[in-house]
Each structure stands twice: as structure tokens, then as C-alpha cells.
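Reader: I have a chain open and want to go through it with you. Can we start with how far to trust it, then move on to contacts?

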Amino acid sequence: MDETVAEFIKRTILKIPMTEMMTILKAWDFLPENQLQTVNFRQRKESLVQDLVLLCESKRASLRDAALLDIIYTQFHQHQKVWDVFQMSKEPGEDVDLFDMERFKSSFEKILRRALKNVTVSFRDAEENAVWIRIAWGTQYRKPNQYKPVYVVYYSQTPYAFTSFCHLKSNTPLLSQKFETHNSTMPLQETLELDMHMDSRIIHENRIEKERVQRVTQETFGDYPQPRLEFAQYKLETKFKSDFHGGILAERKEPLRCLIKFSSPHLLEALKSLAPAGIADAPLSPLLTCIPNKGMNYFKIRDK
């Protein structure tokens, strides 16, 4: 078994409360019950985890097996997550049947892999015709980070899915290719009661954070249309700074220079929409939000 898989399994088991350990391991169904009976579940948790990891190594657990264990743990603790609601959408001419779970899984994974090479996608069927999807994001040059995944819960025969918080906001649009954000003009709980009989345990939503983002955005940009601006340019001049001494750049007397340009048919409206869309954190950098007040779109940034 790969060392990274062993560490992944170890960290996941360490999160499991001792009172739930046997229940979750049985639900995982990777270690046979006769093997579990040989393990001393009354010993210190660190020793117990080591024994369980050794059993997983003897069975050559894969990354898929480890991801499945993580999904099961999350299912037991789903109330600790904050969930957003997405509505399924079809592209023009697409004939994917939302009631066909296998075709849905295949379509979902293909869309993500088409857009991003380094991504791990795992599925687990659950009760009430639901499927749990675990997505570990990577980048073009980095392997997927298994410790900051996003979870998607899709209930078949409904057009809705639930997604947990995504640490990489730049990847949120990839999910949106398959899901269209639910209409936020109607309260979420009311919408669920009117449109679908969903699991009553799903009561958490990111309402407080969304209200904060909307408030900060309105305080920054106001509630009126923004002036039309097509670009903003920033010229940076700064000396190289590092905690390590020596090196070519540290000895360089001339400042480092770079030029950054933001362009859009309507730049200020685009900046205003970043945080509410979940693409950027709120508040935005003052270097971006100061444009209307200063009446400038050329900036030179130097060391103080």
C-alpha cells in the first residue's frame, strides 16, 4: 500500500470517535469482520489506529478504498458541514437522463476530468436514492489534495444536489457546468418544502456567510450600477524580500518590476460580482475597490 494512502487512512481513522469506530468500519466493509474481531478496541487510540492501518496494508488498500472510508465518516457527520443547493441543468441538445444514476456518474466525472487533469472523483450510493460524490482537487502541476475535498450529495429523481464548501474557489465554476445555482430569491428552506420532500436532516445552509458577503459587497460598491470601465492597470516596483540570506535576487539593487492588467467589458460590475459568486473572498483587496473613489485605473505600487 502506498505511503500516502496509509497516511490518508490513518488520519481518517483518527477522526472517528471511539463510540462510532466499529459501526463505521463495518459500513466501510473493507476489513472482514473476523479480522476486526482480532483487534483490541480497548487500547489507546494511537495503537488501535496503527493496528488497523497494518490490516489495511495487508489487504493493499487503494486510494479509492481510503476515499470511500472518508465518505462514510462524512456521512455520519454531515451535520457538521455547511451545504449549498444546486439545481441540475441540461446543456442545449443534451439528452442525459437525470434518473439514470450510472449515466449521471459517468457524465459528472467526464466533465470534471475534461476540465482538470489532476482530480480524484469517488462515488458511494446511499439510502433514499442518494449518491455521495467526493471530489479531491488538484492543479495542473499538483496531485489532488485528499485532505480538502468537496462533497456532493445528489438525490435521484430530483433536479437538486447539495455541495459542501469548496476550498478552491476557482474550481466552483467547474461544478456549475453540471449544476446551476438555485434561485436565491426564495428562502431555501421554503423552496425545499414547496418543490421536494428532501431529507429532513438537511437543515444547514450557508445563509449567514452569504448575508455577510452581500452586506460587505453593498458597503463597498453600493446598490447602484457601477460606472463603465474596461480595464485597470497596476505597475509594481518592489525589492525582493526573503527570510533566507544570500542569493542573486537578494543582492539585486534594482527593484523587481511587473505589470498587472485587469480587463472586462464592464470591469467594476465584474469585480462587484466576484464575492457573491464565490470566486473571491469578501472584502476584495482595497487595490481593486478603490478604483471608483480615486477615479483612477492606473496605479503604481512601490515600497513604503
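Author: pLDDT is the predictor's confidence in each residue, from 0 to 100. This is a predicted model, so local features need pLDDT of at least 70 and side-chain atom pairs count only at pLDDT 80 or more, while totals for chains, interfaces and linings use all residues. Residues are numbered from 1 along each chain as its sequence is written, and side-chain values use heavy atoms, with hydrogens and water left out.

Reader: Where in the chain is confidence lowest, and where highest?

Author: The lowest is helix H8 (residues 188-195), with a mean of 33, and the highest is helix H5 (residues 63-76), at 96. Helices here are DSSP runs of H or I with at least four residues, strands are runs of E with at least two, and both are numbered from the N terminus. Over residues 180-204 the pLDDT is below 50, and beyond near neighbours in sequence this stretch has 35 contacts in the model. A contact means heavy atoms within 4.5 Å.

Reader: What should I do with a stretch like that?

Author: Where pLDDT is low, the predicted coordinates should not be read in detail.

Reader: And the chain average?

Author: The chain averages a pLDDT of 80, and 80% of the residues score at least 70.

Reader: Charges next. How many salt bridges are there?

Author: A search of the whole structure gives 13. The criterion is a side-chain nitrogen of Lys or Arg within 4 Å of a carboxyl oxygen of Asp or Glu.

Reader: Give me some in helix H6.

Author: Glu109 and Arg113 form one, with closest N and O atoms 2.9 Å apart. Both lie in H6, four residues apart, about one turn of the helix. Another joins Glu102 to Lys105 at 3.7 Å between the closest N and O atoms.

Reader: Why are Glu102 and Lys105 about one helical turn apart?

Author: Because they are three residues apart in helix H6 (residues 101-115).

Reader: Buried or exposed, for Glu102 and Lys105?

Author: Glu102 is exposed, at 51% relative accessibility, whereas Lys105 is buried at 12%. Buried means under 20% relative accessible area, exposed over 50%, and partly exposed in between, using a 1.4 Å probe and protein chains only. In the other pair, Glu109 is partly exposed at 21% and Arg113 is partly exposed at 39%.

Reader: Which salt bridge links distant parts of the chain?

Author: Glu237 and Arg302 meet in one, at 3.4 Å from N to O. Glu237 is in strand S7 (residues 231-238) and Arg302 in strand S9 (residues 298-302), 65 residues apart. Glu237 is buried at 13%, while Arg302 is exposed at 53%.

Reader: Switching to packing. Which residues of helix H10 are buried?

Author: In H10 (residues 267-274), Leu267, Leu268, Leu271 and Lys272 are buried. They cover an arc of only 135 degrees around the axis, so they sit on the same side of H10. The arc is taken from the directions from the helix axis to the C-beta atoms.

Reader: What covers them?

Author: The cover includes helix H9 (207-221), S7, strand S8 (256-263), helix H11 (286-289) and helix H12 (291-294).

Reader: How many residues of strand S5 are buried?

Author: Five of its five residues, 160-164, are buried. Tyr160, Phe162 and Ser164 point one way from S5, and Ala161 and Thr163 the other way.

Reader: What does S5 pair with?

Author: Strand S4 (residues 150-155) pairs with S5 in the antiparallel sense over three bridges; pairing requires at least two DSSP bridges between the strands. Val152 has Thr163 as its bridge partner in S5. The two strands form a hairpin with four residues between them, and Gln157 in the turn has a positive phi of about 65 degrees.

Reader: How many disulfides?

Author: The count is zero, taking a disulfide as a pair of cysteine sulfur atoms within 2.5 Å. Cys56 is buried at 0% relative accessibility, and Cys258 is partly exposed at 35%.

Reader: Last one. Where is Phe30, and what is in contact with it?

Author: Phe30 lies in the loop between helix H2 (21-28) and helix H3 (33-36) and is buried at 11%. Leaving aside neighbours within four places in sequence, Phe30 is in contact with Cys56, Lys59, Ala61 and Asp65. The C-alpha atoms of Phe30 and Leu69, 39 residues apart along the chain, are separated by 8.8 Å.
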